[in-house]
Amino acid sequence: MMKSMTDTTVLSNGVKMPWLGLGVWKLKDDGETERTVLSAIEAGYRSIDTAAAYNNEESVGAAIRNSGIPRDELFVTTKIWNADQGYESSLAAFEESRRKLGIEVVDLLLIHWPVKGKYTETWRALEKIYRDGHVRAIGVSNFQIHHLQDVMKSGEIVPMVNQVEYHPLLSQQELRQFCQSNNIQLEAWSPLMQGNLEQPVLAEIGAKYGKSAAQVILRWDLQNGVVTIPKSTNPARLKQNAEIFDFELTPEDIEQINGLNRNQRFGADPDNFNF
Ligand SMILES: NC(=O)c1ccc[n+]([C@@H]2O[C@H](COP(=O)([O-])OP(=O)(O)OC[C@H]3O[C@@H](n4cnc5c(N)ncnc54)[C@H](OP(=O)(O)O)[C@@H]3O)[C@@H](O)[C@H]2O)c1
């Protein structure tokens, strides 16, 4: 487990999901996305995290087709955007994503944000898409414990994944424990704090292993049982972010990193957002 880039976690329905993936938020559809996804796949990445809202699903699809890697060795995530939430509109939005990606079966489909008054209906649509066999797994993103409890009560399927902002300044222990005890795989977005890596503790721990602050965080994700999807357009950093399977943090290192928590968000608050 967690010895190589192709190692996976097993979701509650038995589907295998790589521990490490590439995030493609903000990557442009003008060649940047396709180039970056191709270089990530070349570096050994097998999981790509996109979303309808990122406006780059077509390029992600093109990179997948042009990579030469068999489709069943790649794991593709996309998400239903807020404006598309609701039952019928989510079904239609998924069809649009599937068309843009140009793939038959999506590996993981997420509700992007818990839009008030809508997300339980959206979840019903995801359950239908899953039962129809168009996705291998379904989950949510930016869900707090109370949002998860809502869909667990109203729905028939427990979300398999919850993708949330998660990094040393926002380590969300309570949410992590809730997910763990309900067999919901936690996945970290903005794991590298959007590039704000200048915490001395991270560099000090890294120095012991000849690793960077970024690598220390990504390893901390893995050892906490959290799937991680750092973004980089830089081939050297893409490669560096994947070199996290050849060292191990001690329990003391992990405690020290946990101690950095300040409940600090770089992104929006899931209980108070206006988009
Ligand atoms: N579900 C959601 O609501 C949600 C929200 C936000 C993000 N996400 C997902 O999570 C993914 C990752 O989050 P993110 O893109 O916000 O930020 P991130 O991965 O935390 O950080 C990316 C930033 O860190 C820099 N970087 C990457 N590797 C580095 C390294 N080894 N050393 C130093 N700097 C490094 C990158 O610059 P370079 O590119 O120049 O290397 C970029 O500026 C997104 O792409 C997206 O797929 C999901």
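Arg99 and Glu96 both belong to helix α3, where they sit three residues apart, about one turn of the helix. Helices (DSSP runs of H or I, at least four residues) and strands (runs of E, at least two) are numbered from the N terminus. The model is predicted, so that local features need pLDDT of at least 70 and side-chain atom pairs count only at pLDDT 80 or more, while totals for chains, interfaces and linings use all residues. Residues are numbered from 1 along each chain as its sequence is written, and side-chain values use heavy atoms, with hydrogens and water left out.

**Exercise 1. Determine which salt bridges Glu96 forms with Arg99 and Lys100, and describe the exposure of the residues.**

Step 1. The criterion is a side-chain nitrogen of Lys or Arg within 4 Å of a carboxyl oxygen of Asp or Glu. Side chains of opposite charge can pair when their charged atoms come close.

Step 2. For Arg99 and Glu96, the closest N and O atoms are 2.9 Å apart, and a salt bridge is formed. Lys100 also forms a salt bridge with Glu96, with a closest N and O separation of 4.0 Å. Lys100 and Glu96 are four residues apart in helix α3, and therefore about one helical turn separates them.

Step 3. Arg99 is exposed at 52%, whereas Glu96, at 35%, is partly exposed. Lys100 is partly exposed as well, at 26%.

**Exercise 2. Characterise the salt bridge between Arg98 and Glu95.**

Step 1. The closest N and O atoms of Arg98 and Glu95 are 3.1 Å apart.

Step 2. Because Arg98 and Glu95 are three residues apart in helix α3 (residues 87-101), they are separated by about one helical turn.

Step 3. Arg98 is buried, with a relative accessibility of 14%; Glu95 is partly exposed at 38%.

Step 4. For the model, the salt-bridge count comes to 13.

**Exercise 3. Describe how helices α5 and α6 pack, and classify the residues of their contact.**

Step 1. Axes are lines fitted to C-alpha atoms, for helices over the stretch in contact, and angles between N-to-C directions run from 0 to 180 degrees. Helix α5 (residues 145-154) and helix α6 (residues 173-181) have axes 10 Å apart, at an angle of about 25°.

Step 2. Angles under 35 degrees count as roughly parallel, over 145 as roughly antiparallel, 65 to 115 as roughly perpendicular and the rest as oblique. Helices α5 and α6 are therefore roughly parallel to each other.

Step 3. With contact meaning heavy atoms within 4.5 Å, α5 contributes Ile145, Leu148, Gln149 and Met152, and α6 contributes Glu174, Leu175, Phe178 and Cys179.

Step 4. Ala, Val, Leu, Ile, Met, Phe, Trp, Tyr, Cys and Pro count as nonpolar, Asp, Glu, Lys and Arg as charged, and the others, Gly among them, as polar. The contact residues comprise six nonpolar, one polar and one charged.

Conventions. Buried means under 20% relative accessible area, exposed over 50%, partly exposed in between (1.4 Å probe, protein chains only).
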